[in-house]
Amino acid sequence: MVEEDLKKAISEKEIPNGFIKTTEQPVAGLSSEQKVLLNRKGNALYNQGKYEEALSIYMTTGYSDGLSRIGDVYAEKKQSLKALKLYQLAHNKKKSEPIIQKIADVLSVLIQEDKK
């Protein structure tokens with residue numbers, strides 16, 4: 001049962017393109033004013049429920065609060081791995097560590113079942 005849950009979590013449904021490496025660094029060359037304007041646009045998109053468009057902006061600017069809020073959206077949808085990715089990019093340990101612990105617990109159970 002646990003193995004099936006793990007497979008489901010890694011399925012194409014949850015992470016359409018698998019584990020995709022994303023940069024931790026925002027786009028270089030953006031001025032503070034440009035970042036502020038882009039983040040405002042991202043916030044407006046977020047408030048309209050256009051999360052993927054907002055995420056694109058937050059990734060570009062490196063806006064950690066925005067990345068965490070999008071992570072919360074994924075967490076509410078039970079898409080823990082997507083949420084974890086964004087929490088890690090936002091350096092949000094408070095929200096990433098419980099997910100990491102849950103993954104470690106699942107792996108521990110799988111290892112114990114394998115030893116039986």
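Good morning. The protein has six helices and zero strands. Read along the sequence, its pattern is therefore written α-α-α-α-α-α. Please keep in mind throughout that this is a predicted model.

I begin with confidence. The mean pLDDT of the protein is 83, and 77% of its residues reach 70 or more. Helix α4, residues 64-76, has the highest confidence, with a mean of 97, whereas helix α1, residues 2-9, has the lowest, with a mean of 49. Over residues 9-23 the pLDDT stays under 50, and for that stretch the model has 19 contacts beyond four places in sequence. Where pLDDT is low, the predicted coordinates should not be read in detail.

Next, two figures for the protein overall. Of its 116 residues, 27% are buried. Among contacts between residues at least 6 apart in sequence, 41% join residues at least 24 apart.

I now turn to helix α5, which spans residues 80-89. How enclosed is α5 by the rest of the structure? Seven of its ten residues are buried, so the helix is largely enclosed. The buried residues are L81, K82, A83, L84, L86, Y87 and L89. After α5 comes H91, which has a positive phi, near 60 degrees.

Let us consider the packing of α5 against α4. The two axes come within 8 Å and cross at roughly 165 degrees. An angle over 145 degrees counts as roughly antiparallel, so α4 is roughly antiparallel to α5. Their crossing is left-handed. On the α4 side, the contact is made by L67, S68, I70, G71, D72, Y74 and A75; on the α5 side, by K82, A83, L86, Y87 and L89. By class, these residues divide into eight nonpolar, two polar and two charged.

The packing of α5 against α6 comes next. Here the axes lie 9 Å apart and the angle is about 135 degrees. The helices α5 and α6 are therefore oblique to each other. This crossing, too, is left-handed. From α5 the contributing residues are S80, L81, A83, L84, Y87 and Q88, and from α6 they are K95, S96, I99, I100 and I103. Seven nonpolar, three polar and one charged residues make up this contact.

I99 lies in helix α6, residues 93-115. Is I99 buried or exposed? Its relative accessibility is 13%, and because buried means under 20%, I99 counts as buried. Leaving aside neighbours within four places in sequence, I99 is in contact with S80, A83, L84 and Y87. For I99 and A83, the sequence separation is 16 residues, and the C-alpha to C-alpha distance is 8.7 Å.

Finally, I turn to a residue in another helix. N39 is placed in helix α2, residues 32-47. With a relative accessible area of 13%, N39 is buried. Which residues does N39 touch, not counting those up to four places away in sequence? They are I57, Y58, T61 and Y63.

To close, I return to α5: this helix is largely enclosed by the rest of the structure, roughly antiparallel to α4 and oblique to α6. Thank you.

Technical notes:
Residues are numbered from 1 along each chain as its sequence is written. This is a predicted model: local features need pLDDT of at least 70, side-chain atom pairs count only at pLDDT 80 or more; totals for chains, interfaces and linings use all residues. Side-chain values use heavy atoms; hydrogens and water are left out. Helices (H or I, at least four residues) and strands (E, at least two) are DSSP runs, numbered from the N terminus. Buried means under 20% relative accessible area, exposed over 50%, partly exposed in between (1.4 Å probe, protein chains only). Contact means heavy atoms within 4.5 Å. pLDDT is the predictor's confidence in each residue, from 0 to 100. Axes are lines fitted to C-alpha atoms, for helices over the stretch in contact, and angles run from 0 to 180 degrees between N-to-C directions. Angles under 35 degrees count as roughly parallel, over 145 as roughly antiparallel, 65 to 115 as roughly perpendicular and the rest as oblique. A crossing is left-handed if the near helix is turned anticlockwise from the far one by less than a right angle, and right-handed if clockwise. Ala, Val, Leu, Ile, Met, Phe, Trp, Tyr, Cys and Pro count as nonpolar, Asp, Glu, Lys and Arg as charged, and the others, Gly among them, as polar.
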